[in-house]
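Q: I have a structure open and would like to go through it. Can we take it step by step?

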Protein chains: 2
Amino acid sequence: MTFSPSQLEHPIVQAPMGGGPSTPVLAAAVSEAGGLGFLAAGYIAPAAVREDLAAVRAFTGRAFGVNLFAPPGTPADPAAVRRYAATLRDEGELGEPRWDDDRYAAKLALLAEERVPVVSFTFGCPAAAEVEALHAAGTAVWLTVTTPAEAREAAGAGADALVVQGVEAGGHRGSFDDAAPGEIGLLALLALVRDAVELPLVAAGGIATGAGVAAVLAAGASAAQIGSAFMLAEEAATLPAHREALRSREGTALTRAFTGRTARGLVNRFLSEHGDDAPSAYPEVAHLTAPLRAQARERDDADAMNLWAGQAHSLAREAPAAELVRRFATEAREALAEAARRL
Amino acid sequence: MTFSPSQLEHPIVQAPMGGGPSTPVLAAAVSEAGGLGFLAAGYIAPAAVREDLAAVRAFTGRAFGVNLFAPPGTPADPAAVRRYAATLRDEGELGEPRWDDDRYAAKLALLAEERVPVVSFTFGCPAAAEVEALHAAGTAVWLTVTTPAEAREAAGAGADALVVQGVEAGGHRGSFDDAAPGEIGLLALLALVRDAVELPLVAAGGIATGAGVAAVLAAGASAAQIGSAFMLAEEAATLPAHREALRSREGTALTRAFTGRTARGLVNRFLSEHGDDAPSAYPEVAHLTAPLRAQARERDDADAMNLWAGQAHSLAREAPAAELVRRFATEAREALAEAARRL
């Protein structure tokens, strides 16, 4: 038996937040507190993933997860990428818009070799042989879905659980096809997916309070995956400018401006000016804008970097991660008791 | 004390569904079963509202509600409407794209005179004097909101409860400003609004099961407002072509194509072909397309009429409304008990 979300002491999964916020110490703190911590293995080299795994295991003997992006499909139309690059001329030095597979196979082999308790995938289904290799390593395979059709496909691919991602979620949409994204609100999506498949569900998107955790459990999920509301945790490596933006900015929007793949972030200048021009071209656009984003981080410019955030980001609180986990669990119990009195 | 959603035997509000589905017999059946039935008073003449009120009261002595559209603001740019009309040339005979206020004042006076238990508003806040007149008649004033900012404004306007409408909802978005709509998923929106105001909340959008009802109660709502999942009720006057589309079509989208105001409907030919061209111009565009929609209804053409539906519409079941109310309540209790066991 692989690890199931229903085994968690507290039904709280810390979302893998690529590009910075997720750290081994955050993942370990969440797991130690009775939730499930997650590392984000997208964008980074296999050697860095190996180091992160060792670091988590130095802090905790408990189960944790690692998220991997499913391999991108075919390269995008180079002309579309060039047209977008032309609109970014005034932003600064651009990167080479190359297509690559983010060393998917090497990282997958590493995760199986390391017998990671849970591996979740975003952007599609791994191949049957890959799922089998993970199962042989004792690893639970969780697939991210945004529509009932994706849920059925994921169940057919051998998933042990589904991460059901509502349109509220911050960061990249997990849609299998970026050109036909699921944009369904979490509560409706949980009902539709619950109706379509029998697997355990982990609900993701806009959950930032214990009441939200209670709500998704009532809607049939086994656990809640929380991202933005861990971004102000002491252990998160969220940039100062990003932390400040989470507190001070309000609106979020879906955009391909930063990576060529739809993601939700706080509205800022770069998103507003370039969102309409950006093609569906991942990872080419991510490489194209990488130097711009690096420069923005260096000069602390919140208007030129990607500020991933979910729709309930303003409810994020600063605290140690373990305290957040315990608070979510306590509030969830209170919320359920209150709802039961109402009924 | 005006009527509060927490007084309901079952925390189920039947959404007002304008343009057909809502009938006095549906509203009365829901109220008789322990929920709260609703009439839709938008689009129709005061005399018709008066008849509907008499019909509900012939069937039930229990509380019910009536929904009124807040008065539209200033007329839209006539040139934008003319441009849209030009794109509709091949669809058939168009109506005159006139601006009117849907006889708002006359209907409001009627509702106060009739001492309707609950009046809900969509598209904005009534004036302070109007809220006072309704309160003086013993009427509870519920305002529809789609953002935390609208919730604060509605609380300031004297609302007794808020209908919190997530982006999942079918039919018109209740946004105060169609040019700056709230597109927040219900669960995130409930958390944000719960944090912003103290009023009782009625959660709306994508709720089609008892588990969904349980979820919004856990999230802090006093009741769930359900639309699409009542559209196949025996007592609903949903058109046969619309009923069939609810069962057979999958995807929904937000569009201004039919009325000039953003609404969610099943994707069909008219929506796909004209959605991108339609301006924000309500009620002008509604009058413009009225003959097209009437003709589509006559010839049973689901590809040319507005097929309002929420994101969980495929879970709607055919049954008498009272049975649906009881089923939602029973399932909600079971869902809460199950979630409590998990925690």
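Predicted model: local features only at pLDDT ≥ 70, side-chain atom pairs only at ≥ 80, totals over all residues.

Q: What ipTM and pTM does the predictor give the complex?
A: Both the ipTM and the pTM are 0.97.

Q: What rotation superposes chain A on chain B?
A: A rotation of 180°, with 0.0 Å of shift along its axis, and the RMSD is 0.0 Å. This is how a two-fold axis relates two copies.

Q: And which residue of chain A comes closest to the rotation axis?
A: That is A:Ala215, whose C-alpha is at 2.0 Å from the axis.

Q: How many residues are in contact between the chains?
A: On chain A there are 39, in contact with 39 residues of chain B.

Q: Which elements of chain A give two or more residues to that side?
A: Three helices do: H7 (186–196), H8 (210–218) and H12 (321–342) of chain A.

Q: How do the residues on that side divide into nonpolar, polar and charged?
A: On the side of chain A that touches chain B, 25 are nonpolar, ten are polar and four are charged. The same surface serves both copies, as 100% of the contact residues of chain A recur in chain B.

Q: New topic. Which residues in helix H5 of chain A are buried?
A: In H5, which covers residues 128–136, A:Glu130, A:Val131 and A:Leu134 are buried.

Q: Why are they on the same side of H5(A)?
A: Because they cover an arc of only 100° around the axis. An α-helix has 3.6 residues a turn, so residues three or four places apart point the same way.

Q: What does the face turned away from the buried side carry?
A: That face of H5(A) carries the exposed residues A:Ala128, A:Ala129 and A:Ala136.

Q: And what covers the buried residues?
A: The cover includes helix H4 (104–113), strand E4 (118–122) and strand E5 (140–145), each in chain A.

Q: What happens just after H5(A)?
A: There A:Gly138 takes a positive phi of about 80°.

Q: Last one, the core. Which residues have the most contacts inside the largest nonpolar core?
A: A:Leu162 and B:Leu162 do, in a core of 240 residues.

Q: What is B:Leu162 in contact with?
A: Leaving aside neighbours within four places in sequence, its contacts include B:Trp142, B:Leu143, B:Ala151, B:Val193 and B:Leu201. In soluble globular proteins, nonpolar side chains tend to be buried together.

Notes. Residues numbered from 1 in each chain as written. Chains lettered and ligands numbered in written order. Contact = placed C-beta atoms within 7 Å. Helix = DSSP H or I, 4+ residues; strand = E, 2+ residues; numbered from the N terminus. Nonpolar A, V, L, I, M, F, W, Y, C, P; charged D, E, K, R; others polar. Buried ≥ 20, exposed ≤ 12 C-beta atoms within 10 Å, placed from the backbone. Arc of directions from axis to C-beta. Core = buried A, V, L, I, M, F, W, Y, C linked by C-beta atoms within 7 Å. Least-squares fit on C-alpha atoms with pLDDT ≥ 70 in both.
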